[in-house]
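Visitor: I would like to learn how to read the features of a model like this one. Could you take me through a few of them?

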Amino acid sequence: MAIRISPPTITSSFYHLSSISPFQSPHSLSLPSISSPTTTTSIRSLNLHPTRKNPTALVPKASSTAEFSPEIADVLGDVNIFTASGDSVAFNQLWDQSEGIAVVALLRHFGCPCCWELASTLKESISRFESAGVKLIAIGIGEPKKAQILAERLPFPLESLYADPERKAYNLLGLYYGFGRTFFNPASAKVLSRSRFEALKKAVKNYTIEATPDDRGSVLQQGGMFVFKGKELLYAWKDEGTGDHAPLDDIINICCKVPVA
């Protein structure tokens, strides 16, 4: 299968945004200058249909449910993560695996300002999710004590927040990782729009860098958004870069279209 890739040339990076203290107006920032020469390449997966015994290389990296194994929920089900209170919980216990509808938001790490923005946006939508019979599950990278910092300072409901310090779910879902993805991807430029930037400033009002994971390598991990009905994957989004979150309207539309059992 061939995909078209447009490698960017960037003269200023998203790292500049993440290093601002305090946050400045977007007018004081230099927007990335991007040129887009287009090349064509092929991607291959050695294991498109994994089993519990062989869960590696789940999918080519793309934001499409068609690229994920039909067994993706079962493979994830064996993953143990933590509640924000520190209790171990299996992934398949997070929602009703028969007919329950769940929005599974995989944040970056708990010390990422953009993830505080996403968590704030999700929190504001909880009533809409609940009215549609949808369970919100927000997972971040770091120890449970880091999740508690975000929950207390943002604030965010503890019962909807989970920690995956070893990035087990992120790896199984093939979410993007790396320095370039984190600091230099052109998809991150959307954070500099006025509406996004204002939301970001509001979300980080009580922000602290202490929420950053002890494992500093985790800060290079990108997140994603997934919607399940039981074990069926209805929607998949993989963040191309920092702040490249799934459109919330897309998530709401998917949830509202699915009849609740």
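Guide: Gladly! Let us begin with Ala199, which is found in helix α8; helices here are DSSP runs of H or I with at least four residues, strands are E runs of at least two, and both are numbered from the N terminus. The model is predicted, so local features need pLDDT of at least 70 and side-chain atom pairs count only at pLDDT 80 or more, while totals for chains, interfaces and linings use all residues. Residues are numbered from 1 along each chain as its sequence is written, and side-chain values use heavy atoms, with hydrogens and water left out.

Visitor: Is Ala199 buried or exposed, or something in between?

Guide: Ala199 is partly exposed, with a relative accessible area of 29%. Buried means under 20% relative accessible area, exposed means over 50%, and partly exposed lies in between (1.4 Å probe, protein chains only). Across the protein, 51% of the 261 residues count as buried.

Visitor: How should I describe two packed helices?

Guide: Two packed helices are described by the angle between their axes and the distance between the axes. Here helix α3 (residues 113-124) and helix α8 (residues 194-203) pack at an angle of about 90°, and their axes are 8 Å apart. That makes α3 roughly perpendicular to α8. The axes are lines fitted to C-alpha atoms, for helices over the stretch in contact, with angles from 0 to 180 degrees between N-to-C directions. Angles under 35 degrees count as roughly parallel, over 145 as roughly antiparallel, 65 to 115 as roughly perpendicular and the rest as oblique.

Visitor: Which residues of α3 and α8 meet?

Guide: From α3 come Pro113, Cys114, Trp116, Glu117, Ser120 and Glu124, and they meet Arg196, Ala199, Leu200, Lys202 and Ala203 of α8; contact means heavy atoms within 4.5 Å. By class, this contact has six nonpolar, one polar and four charged residues. Ala, Val, Leu, Ile, Met, Phe, Trp, Tyr, Cys and Pro count as nonpolar, Asp, Glu, Lys and Arg as charged, and the others, Gly among them, as polar.

Visitor: What does Leu122 touch?

Guide: Leu122 is in helix α3 too, and at 1% relative accessibility it counts as buried. Leaving aside residues up to four places away in sequence, Leu122 touches Ala105, Phe129, Leu136, Met225 and Leu248. For the protein, 73% of contacts between residues at least 6 apart in sequence join residues at least 24 apart.

Visitor: What should I look for in the backbone?

Guide: Most residues other than glycine have a negative phi, and most peptide bonds are trans. In this model a cis peptide bond joins Leu154 and Pro155, with omega about -10°. Pro155 has its place in the loop between α5 (144-153) and β9 (161-163). Arg167, not a glycine, has a positive phi of about 60°. This residue is found in the loop between β9 and α6 (168-172), and Arg167 counts as buried at 16% relative accessibility.

Visitor: How many aromatic pairs are there?

Guide: A pair of aromatic rings is described by the distance of the centres and the angle of the planes. Rings of Phe, Tyr and Trp (its six-membered ring) pair if their centres lie within 6.5 Å; planes under 30 degrees apart count as stacked, over 60 as edge-to-face and the rest as tilted. By this rule the count is six aromatic pairs. The ring centres of Phe179 and Phe184 are 5.4 Å apart and the planes are at 45°, so the pair is tilted. Phe179 is partly exposed at 49%, and Phe184 is partly exposed at 35%. Elsewhere, Phe91, Trp95 and Phe228 form one aromatic cluster.

Visitor: Which charged residue lies over the face of Tyr176, at 3.8 Å from the ring centre?

Guide: That is Arg181. The charged end of Lys238 also sits over the ring of Tyr176, 5.0 Å from its centre. The rule asks for NZ of Lys or CZ of Arg within 6 Å of the ring centre and within 35 degrees of the ring normal.
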